[in-house]
Amino acid sequence: MSGYPIVLSQDQFLHRDKLTYPFEERGLQFGDGVYEVIRIYEGKYYLLQEHVDRLYRSVEAIRIDMPYSKEKFTELLHELLEKNDMKADGKVYLQVTRGSALRDHPFPTDTVPNIYAYASDQARNLDFLTNGVSALITKDIRWESCYIKSLNLLPNVLAKQEARENGCFEALLEKAGVITECSSSNAYLVKDGKIYTYPATNRILHGCVRMRVEQFAKDLNIPFIEEAFTVEDIDTADEVFLSSSTAEVMPIISVDGKQVNDGKPGPITRKLQAAYEEDANIVDKKISVS
Ligand code: PDD
């Protein structure tokens, strides 16, 4: 099954066909809302608390009042998987918008946020995780509050489309000569046994998997340096990789058509992938490395 039938709408559970919104809706008309994508392995959430915490930071940043406590909302998310009897690998997409109102820029009064969440299947991409993917570099044309997981994804969509039209999995985003992150993932470079990544400022999304990568690196005694790497650094990198809830820890083996090092996933990326599999309790369907 790809999309599960029961969806969460506010604090109710409905069949997905019953969920409709008026066309004058803040998310639709202004992108006035935020979202999360949460990974699921064998019907269980991975990093749920981290995602809920980030959601509440995002709504606060754009001044939406969540009508439920974090605890209540977490319960509803668990119930969503139970009601669908979900047992597979997949994800939950959820969004919170400022609500339905006549189109006018200022915040509407007397409007409640529109909240929904639904689950779908997504298998691990073992081919890409094992062999690595290619990426290209494009301009980071986003706003200055990328730490908010905003629905305004037009620059990200355009960057990803450019990547796909050029046979690449991801687009590395460049701002003033350095790589900030990717269109829907965080970006890292390995040089001389150290991991470099853009610091967790307002210029990037503070990825939940990025937080774990930092912890894995600590546990493995690999320096994790929050310092931006440049476009030129990629030419002499030992390894490049990305992370996200859906892509996990993914090796990047070529950038702009040029091989990264020998064009194979590197040893530090492999160690982080193994740490990820352990952390996420992945037993079957593991990355096989010869
Ligand atoms: N993307 N950076 C950006 C711009 C992202 O959109 C994402 C997540 C990440 C990684 O965050 P996390 O590790 O919490 O998944 C970094 C999700 C998966 C998406 O939009 O589909």
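**Cores, strands and ligand**

Tutor: The largest nonpolar core has 28 residues, and those with the most contacts inside it are Y45, L55, M66, F73, L77, V92 and V96. A nonpolar core here is a set of buried Ala, Val, Leu, Ile, Met, Phe, Trp, Tyr and Cys residues joined through side-chain atoms within 4.5 Å. Buried means under 20% relative accessible area, exposed means over 50%, and partly exposed is in between (1.4 Å probe, protein chains only).

Student: Which elements give two or more residues to this core?
Tutor: They are β3 (33–41), α2 (48–61), α3 (70–83), β5 (90–97) and β6 (114–121). Helices (H or I, at least four residues) and strands (E, at least two) are DSSP runs, numbered from the N terminus.

Student: Okay, and where do these numbers come from?
Tutor: This is a predicted model, where local features need pLDDT of at least 70, side-chain atom pairs count only at pLDDT 80 or more, and totals for chains, interfaces and linings use all residues. Residues are numbered from 1 along each chain as its sequence is written, and side-chain values use heavy atoms, with hydrogens and water left out.

Student: New topic: is strand β7 mostly covered or mostly open?
Tutor: Mostly covered, since five of the seven residues in β7 (residues 133–139) are buried.

Student: Which strands does β7 pair with in the parallel sense?
Tutor: One is β14 (residues 248–255), over three bridges, with S254 as the bridge partner of S134. Another is β8 (residues 170–175), over five bridges, where L136 stands opposite A171. Two strands pair if DSSP finds at least two bridges between them.

Student: How many residues surround the ligand?
Tutor: There are 21, and the closest are Y35, R54, E181, C208 and S245. To count as near, a residue needs one of its heavy atoms within 4 Å.

Student: What lies 2.6 Å from an oxygen atom of the ligand?
Tutor: A polar side-chain atom of S245. A backbone N or O atom of V209 lies 3.0 Å from an oxygen atom of the ligand, and a polar side-chain atom of K149 lies 3.4 Å from a ligand nitrogen atom. A polar contact is a pair of N or O atoms within 3.5 Å; within protein, one must be able to donate a hydrogen and the other to accept it, and residues adjacent in sequence count only if both atoms are side-chain atoms.

Student: What about R26, buried or exposed?
Tutor: R26 counts as buried because its relative accessibility is 3%. R26 is found in helix α1 (residues 26–30), and its side chain makes a polar contact of 2.9 Å with the side chain of D32.

Student: And where is S183?
Tutor: S183 lies in the loop between β9 (178–182) and β10 (186–191). At 5% relative accessibility, S183 counts as buried, and its side chain has a polar contact of 2.6 Å with that of E170.

Student: Last one: what's up with the phi of N261?
Tutor: N261 has a positive phi of about 50° although it is not a glycine. N261 lies in the loop between β15 (258–259) and α7 (267–279), and counts as partly exposed because its relative accessibility is 46%.
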